[in-house]
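Subject: Handing over a structure

Dear colleague,

I am passing a structure on to you, and my notes on it follow directly below. Please read them with the model open beside you.

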Amino acid sequence: MVNLDLGVLTLKELQQLQKDVGKAISTYEDRHMAEARAKLEAMAKEMGYSLSELLSPGGKKVRAPATAKYRHPENPAITWSGRGRKPQWFAEYVNAGKEPKDLAV
């Protein structure tokens, strides 16, 4: 480690030293991370995988969007699958004494 006598440096020199140290720390962290990534990629390749394959969320299953079961009585573009919270238009229709089966797609 370099021994510097900080007491003899001017304010401007100390500020420049501070900037230089910050930059050195940042580049050190970048280099260290790149080395770690290279080691991990080499280990993954050695086992027959790519690092992106191992890190991608392959365990989650993707569900298909739910199919519409009910259609708005006035605007057929608005639908509801019957899952989750009831839309206001559906609740109003049922509360008016009408049958949900009348809205079935």
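This is a predicted model: local features need pLDDT of at least 70, side-chain atom pairs count only at pLDDT 80 or more; totals for chains, interfaces and linings use all residues.

Residues are numbered from 1 along each chain as its sequence is written, and side-chain values use heavy atoms, with hydrogens and water left out.

H72 sits in the loop between β1 (70-71) and β2 (79-80), where strands are DSSP runs of E with at least two residues, numbered from the N terminus. H72 counts as buried because its relative accessibility is 16%, the term meaning under 20% relative accessible area, with exposed over 50% and partly exposed in between (1.4 Å probe, protein chains only). Apart from neighbours within four places in sequence, H72 is in contact (heavy atoms within 4.5 Å) with I78 and W89.

I78 lies in the loop between β1 and β2 as well, but at 34% relative accessibility I78 counts as partly exposed. Residues up to four places away in sequence aside, I78 touches Y70, R71, H72 and W89.

The aromatic residues deserve a look of their own. A search of the whole structure finds four aromatic pairs, a pair being rings of Phe, Tyr and Trp (its six-membered ring) whose centres lie within 6.5 Å, with planes under 30 degrees apart counted as stacked, over 60 as edge-to-face and the rest as tilted. One of them is the stacked pair of Y70 and W80, at 5.6 Å centre to centre and 25 degrees between the planes; this pair links distant parts of the chain, with Y70 in strand β1 and W80 in strand β2, 10 residues apart. W89 and F90 form an edge-to-face pair, at 6.1 Å centre to centre and 85 degrees between the planes. W80 is buried at 10% relative accessibility, as are W89 at 15% and F90 at 4%. Together, Y70, W80, W89 and F90 form one aromatic cluster.

How values were computed: Helices (H or I, at least four residues) and strands (E, at least two) are DSSP runs, numbered from the N terminus.
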